Amino acid sequence: MVDSVAAMSTDHSTSSIRPLTVAIPQADLDDLAERLARTRFAPAAPGDSWEYGTPESYLRDMVERWQQFDWRAVEARINAVPNFLTEVDGQPIHFVHVRSANPDAPALLLAHTYPGSFLEFLPVIDALAEDFHLVIPSMPGFGFSGPLVDRGWTMARVARGYDELMRRLGYASYGVHGSDGGAMIGRELAVLDPDGFLGAHVLQLFSFPSGDPAEFERFGPKEYAALEHMQWFQSVGGYNAMNSSRPQTIAASLSDSPVGQLAYSELFESFGNGTSLVTAEQVLEQVTLYWLTNTAAGSVRYHYEEAHAQREPVVSTGRIGVAVFEHDFQTIRSLAERDNSGVQHWSELGGGGHFAVMENPAALVADVRAFFAAAADGR
């Protein structure tokens, strides 16, 4: 398996690439079960709704489900595809690498979310591998790419690391798809615009009003509704403030309490607004991976690194496609095009939200295909 990867190498050494088989020690699973059995729940807030954050009733139900959860079945799905470890910029990196049956297929890097992981993409591998060679990394500090070994891992640094990974695998040309943190990495790759870059297909471009009144002159009801959605998102996204200011403080809690990690992952439930289509099983897969790999600390540090990065705003000129799902962050096109001059594809899709690859995979796969097919046609 590792030899087939090495055979594609050009100028980048693959001597450090090695296959990975996931096998969590049973003692770690037993420890998780014991902790869940001893859970001390916080007293419910009045009404026990999502208004105050993750409700006690939700957590009690999810803990019952978690106690029946079959991690070994998840492991089997992970090990059913080729997994590898390497080192990039001093950091261990895990990735899945699936070659298409079509040797002339373009390469596509799939960049996951926070608080998600590479597991998001396992169910769509077969569909996407019909058209692409797939590389699915775990972000530095996440899952099997942990622990995070040094500071300074901004999204721009991850983008440079991913470009190095693709070159090491022998790909002179590739594209990227991502949501959330993965969308930020995709945009950074579009800023970098390396040789052979086919474009970034993203679910969000995080462009906000600058304060210039002229930006509002062409706003209509849709744009003002998007602004209201942004304000709501900020009002419930308290983890942004915590992660960007005191990441190690919250990491201590998340690393010692599986139910704390579960509660802190409330974004999977769209902060309880009732629109999320992510299933309980999908949530538990992600939270269990974070817990078993003890990578909560690495995952929360990205907000801090981004907030403290010393750099000026840059307009991206690389090729970008945007798919805005109905119940996700509503990217405002005029603001996005202000910050990204290479926007060449725009879709507005229903039936999904922030984690569309888990909520509406068929629509997502179709839009990814359409964007990169246009790139192949020179459009």
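What follows is a conversation about the whole chain and then about one residue.

Modeller: This is a predicted model, in which local features need pLDDT of at least 70 and side-chain atom pairs count only at pLDDT 80 or more, while totals for chains, interfaces and linings use all residues. Residues are numbered from 1 along each chain as its sequence is written, and side-chain values use heavy atoms, with hydrogens and water left out.

Colleague: How do you know that the radius of gyration of the protein agrees with that of a compact globule?

Modeller: The radius is taken over C-alpha atoms, and the globule rule is 2.2 Å times the number of residues to the power 0.38. For 379 residues a compact globule would be near 21 Å, and the protein has 20 Å, so the two agree. The C-alpha trace spans about 60 × 60 × 40 Å along its principal axes.

Colleague: Why is Phe132 called buried?

Modeller: Buried means under 20% relative accessible area, exposed over 50%, and partly exposed in between, with a 1.4 Å probe and protein chains only. Phe132 has 4%, and therefore counts as buried. Of the 379 residues of the protein, 54% count as buried.
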